[in-house]
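Below is a briefing on the fold of one protein chain.

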Amino acid sequence: MSIAFLPPPVGNLYQAALGVRWMRAPLPFALDHVNVWLLEDGERTVVVDTGMDNPANREAWDHLLSSHGGLAAGGRIEVLVTHMHVDHVGMAGALVDRLGAQLHMTEGEYESVRRAVLEASQALPPRARHSFFRAAGWPDAAIAEPSLLQGGYLQSVSPLPHHYSRLRDGDTVMAASTSWEVIAGSGHSPEHACLYSEERRLFISGDQVLPRISSNVSVTFHEPEANPMQGWLDSIAMLRERVADDVLVLPAHHLPFKGLHDRLDQLEAGQHAALDRLRDALSAPLRIVDTFVPLFRRVIDHGVELELATGEAAACLNYLMHRGEAIKERGADGVDRYRLREGSASPLDAG
Ligand SMILES: [Zn+2]
């Protein structure tokens, strides 16, 4: 169910719910914003997600901190980050530094940011990522190019403080005069924090549930055998169990919405439909790059999209391998070819 919400202009605040104000941080992509939620109780503001560290977003925060005195003056400010991606964690370090704020994150996300920053700041031995992309069937020219995802990370994330307050699944966070349960999901990122106020019927979902797009679920070269798709599907089932259907969902992108369980059903059905298209295609051996058309229904052959599509296709293929439905064989050329295992379950009984 969509609700008649209009988003606030960049650098301005709208009231989204009692004690919850809504800001939009600008992003320089087709997806041009991330939602920031300010949980306020008069004495303390918990900022949930921060946007990227870039000049436009620094300006938005300057405007906010100078024109909404309650934020900068008087009350204490704390920063809570849902997950490691640049559009969520980017400004966290800068805000913590500027405001003397405490940072709250799960361990999986905090450590992943530190690793990503470290890797991007050191010249990673090319072989580390090259074999992953060669195995996926990338052409040599694409393999030789520096990773856009990795290069962009360092530029867009201000340094995190060396200490933080750890969030765990099931923890209670007090904010906006109510209690919020931390619910950790996975698949899109290692230990993504969502916040659920049962009392207020509010669910801050980050990227774990989005109203209009499905979040990227990717395997990376660090752990080529990983099965994040299982984590993603398990998280959908877990959220259906733990979060009531009648909440107002406050997502990280696009507009607040109602109908959480319908949206979870849609996301799950969409993923299973993609996996079924993949199963059909795997009647003949395929490289990862050959699965893009069946999976994503279009040609993807360069840039950041190629990197994202490779990670997501690998996540789908690993899911089938972990279920015993598919196998892969590495050729003398270093390229993996995947096919359905003979006698494996048919698409109809594999849901
Ligand atoms: Zn994300």
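## Domains and overall layout

The protein is divided into domain 1 (14-268) and domain 2 (280-349), with bounds that come from an automatic or database domain assignment. This is a predicted model, in which local features need pLDDT of at least 70 and side-chain atom pairs count only at pLDDT 80 or more, while totals for chains, interfaces and linings use all residues. Residues are numbered from 1 along each chain as its sequence is written.

**Contact between the domains**

- The centres of domain 1 and domain 2, taken over C-alpha atoms, are separated by 28 Å.
- Domain 1 puts 22 residues into the contact and domain 2 puts in 23 residues; two residues are in contact if their C-beta atoms, placed from the backbone, lie within 7 Å.
- On the side of domain 1 that touches domain 2, α6 (126-136), α8 (148-156) and α9 each supply at least two residues. Helices (H or I, at least four residues) and strands (E, at least two) are DSSP runs, numbered from the N terminus.
- The most is given by α6, with 5 residues on that side of domain 1.
- By class, the side of domain 1 that touches domain 2 has 12 nonpolar, 8 polar and 2 charged residues. Here Ala, Val, Leu, Ile, Met, Phe, Trp, Tyr, Cys and Pro count as nonpolar, Asp, Glu, Lys and Arg as charged, and the others, Gly among them, as polar.

**Seven-stranded sheet**

- An open sheet is formed by 7 strands in the order β1-β2-β3-β4-β5-β6-β7, and its pairing is mixed. Two strands pair if DSSP finds at least two bridges between them.
- The edges are held by β1 (14-17) and β7 (165-167), each with a single partner strand, so one side of each has no neighbour in the sheet.
- From one strand to the next, the twist averages 30 degrees. Angles run from 0 to 180 degrees between N-to-C directions, and axes are lines fitted to C-alpha atoms, for helices over the stretch in contact.
- Strands β5 (residues 76-80) and β6 (residues 102-106) run parallel and are joined by 3 bridges. L80 has H104 in β6 as its bridge partner.
- Helix α5 (residues 107-121) packs on this sheet and touches β6 and β7. The direction of α5 makes about 105 degrees with that of β6.

**Six-stranded sheet**

- Another open sheet has 6 strands in the order β8-β9-β10-β11-β12-β13, also with mixed pairing.
- Its edge strands, β8 (172-175) and β13 (257-258), each pair on one side only.
- Strands β9 (residues 178-185) and β10 (residues 192-197) run antiparallel, joined by 5 bridges. V182 stands opposite L195 in β10.

**Hairpin**

- Strands β14 (residues 326-330) and β15 (residues 336-340) are antiparallel, with 5 bridges joining them.
- R330 has D336 as its bridge partner in β15.
- The hairpin of β14 and β15 has 5 residues between the strands, and G334 takes a positive phi near 80 degrees there.

**Helix packing: α9 with α10**

- The axes of α9 (residues 228-242) and α10 (residues 260-281) come within 10 Å and cross at roughly 160 degrees. That angle makes α9 roughly antiparallel to α10; under 35 degrees counts as roughly parallel, over 145 as roughly antiparallel, 65 to 115 as roughly perpendicular and the rest as oblique.
- The residues that meet are L233, I236, L239 and R240 in α9, and H261, L264, L267, E268 and Q271 in α10.
- By class, the contact of α9 with α10 has 5 nonpolar, 2 polar and 2 charged residues.

**Helix packing: α9 with α12**

- α9 packs against helix α12 (residues 303-322) at an angle of about 85 degrees, with the axes 7 Å apart. That makes α9 roughly perpendicular to α12.
- The contact is made by P228, M229 and Q230 of α9 with A315, C316, N318, Y319 and H322 of α12. By class, it has 5 nonpolar, 3 polar and no charged residues.

**Helix packing: α5 with α8**

- The axes of α5 and α8 come within 9 Å and cross at roughly 105 degrees, which makes α5 roughly perpendicular to α8.
- A116, V117, E119, A120 and S121 of α5 make the contact with Q150, G151, Y153 and L154 of α8. The residues of this contact divide into 5 nonpolar, 3 polar and 1 charged.
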